[in-house]
Amino acid sequence: MKANNELLIDDSSSFHKIVTEKSIDIKNVTVSFKSKGKGVFTAVKDINLEIGKGEIVSIIGHSGCGKSTLMNTISGMVSPSSGEVIANNKVVTGPGPDRGIVFQNYSLLPWLTVYKNVFEAVDSVLPHLSKAEKIELVEKNLNMVNLWEHKDKLPSQLSGGMKQRVAIARAFSINPSILLLDEPFGALDALTKGSMHIELLKLWNLDNRNKTIVMVTHDIEEAIFLSDRVVVMNNGPAATIKEIVDIPLARPRNKKDIIHLPEYIEVHDRLLNLLFDKFSIED
Amino acid sequence: MKNILSKYSPAGTLYFIGSMLILLAIWQLVTFVTKAEIPGPLATWAVFSEMLADPFYDYGPNDKGIGIQLWSSLKRVFIGFSLGSLVAIPLGLIMGSSKIGMKLLNPIVQILRPVSPLAWFPLGLLAFKASDQATIFIIMITSLWPTLINTAFGVSTIPADHKNVGKAFGFSRWKYITKILIPFSLPHIITGLRLSIGIAWVVIVAGEMLSGGVGIGFFVWDSWNGLSLEKILSAILIIGIVGLLFDKIFNVLQKTFSYESK
Ligand SMILES: Nc1ncnc2c1ncn2[C@@H]1O[C@H](COP(=O)(O)OP(=O)(O)O)[C@@H](O)[C@H]1O
Ligand SMILES: [Mg+2]
């Protein structure tokens, strides 16, 4: 515990992490869907992306460009039509407990209570734990998202933001080394969103920044605040990576302070321009 | 699948009473037009209350109380319906969860489903050499189709989102079945059961007219032979009320097991 705390305090202030170990390696990945009658639809094409262990990377891009599809190739829910994804030194062939997913649409099971939704995931991924340990894990993670007092409610009794927090607690509870978050804070109000950002970074810190986090978002400020790098995608079909932008801000970052930094303003402008290049001609 | 009679509110009760009054008025009107050839509510009530006064008398094979008749019909429906459901639910689960199962079984279902259950009666007689079992057999066949089709439909429409949860968190086959497949399909299965028992109750009357012996259908036929229209009308009322009760029971089950309304 002591060692952890020391590490927490000792913030390495390097902008660019010296990537020692690869966590995710997306190699030449193309994903095509066979659509009935319309032949083949290519969502993303020739994607190459290396993500180091403990990195936080955001993917931004317009709706339908293939962000979820790309995330799903990492989670193993979608297999690439060509190319391959390597996660934790293993070729991804399907979902696995080393990768925790928060789906874009929460994907809670509507007939299970909040508690049960998290518990079944824990029970499935960590069968060797005792019942008491499982319960403790569920409680800890539901407390983290402030939902313990709502543990007996069904998803239909929750707001969108609460559902999303259950999905987050569920993904965190299995303690994966890679967290895949598909628009995890999209349905949250600004206040809750802010505290979830802090929670996310806290968890990341607690684990000595060993967890790799890949996140899809629409929110440029969120991407800058949380990420080491932001991947900007082109519009689909056959979307590619437009540019990868480094975020040169030291951690820990303070939301109120960083927005005045010239680096912040520059990166913010850069991302805005990349996303909304209305005046440039499509190539 | 909403049952408009199932909401207990004062207004609902009033509407129900109003509806019954309309039925009685039409009935009375028919009696009036047919010059009492068809007995009216009052004449029927006299016979009906007499029947209810001693429902379980037993004066030999051709003269039993209405309670005994009703009970033996209920027993047959219950046995046939249970057997049918025991076949239909697993088959439906297979059809719904496997494309091959669907492709192999669906044509059989499509061909057999439109056949009137009564057409199976002779085969039942041949197989069981007893009209009682033959009646249960046709009830079983009747109960198959709605349950089978609704179960298969339920299972085949499990949303990708739910399946993805199972995949993402590595649910075992057992966990997938008990935590995703069954909970999602249960409301559909109960809808199927509800339709099945409704049709089974319709068919039992016709079946017992064919089979004779004892039962509410036989009672109707026997009353016709004995030219007691009052008894026939009483039996019709009883059949209708029991059918309504079946529907109510399954409506309650449906509400209990539907996760949306909780
Ligand atoms: N299973 C699928 N079958 C066919 N097309 C799909 C499938 N999943 C995604 N797509 C298509 O791929 C494109 C990218 O989708 P998605 O990755 O969900 O976009 P984003 O998450 O960036 O909004 C969309 O045009 C979508 O219609
Ligand atoms: Mg998406």
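In the grouping used here, Ala, Val, Leu, Ile, Met, Phe, Trp, Tyr, Cys and Pro count as nonpolar, Asp, Glu, Lys and Arg as charged, and the others, Gly among them, as polar. Applied to this predicted model, the grouping divides the shell around ligand 1 into four nonpolar residues, six polar residues and one charged residue.

The members of that shell are F33(A), F41(A), A43(A), H62(A), S63(A), G64(A), C65(A), G66(A), K67(A), S68(A) and T69(A).

A polar backbone atom of C65(A) lies 3.3 Å from an oxygen atom of the ligand, and for a polar backbone atom of G66(A) the distance to a ligand oxygen is 2.9 Å. At T69(A) the side chain takes part: one of its N or O atoms is 2.5 Å from an oxygen atom of ligand 1. Two or more shell residues come from each of β2 (39-52) and α2 (67-75) of chain A, and α2(A) contributes the most, with three residues.

Attention now turns to chain B. An unreviewed UniProt entry lists residues 12-30, 77-96, 108-128, 134-155, 199-220 and 232-253 of this chain under "transmembrane region". Among them, the span 12-30 of chain B is 100% helix and 0% strand, with its end C-alpha atoms 27 Å apart. Residues 134-155 of chain B are likewise 100% helix and 0% strand, and the end C-alpha atoms of that span are separated by 32 Å.

Terms used. Residues numbered from 1 in each chain as written. Chains lettered and ligands numbered in written order. Predicted model: local features only at pLDDT ≥ 70, side-chain atom pairs only at ≥ 80, totals over all residues. Heavy atoms only, no water. Near = heavy atom within 4 Å. Polar contact = N/O pair within 3.5 Å; in protein donor to acceptor, adjacent residues only side chain to side chain. Helix = DSSP H or I, 4+ residues; strand = E, 2+ residues; numbered from the N terminus. UniProt positions renumbered as here; feature names shortened; annotations may be inferred.
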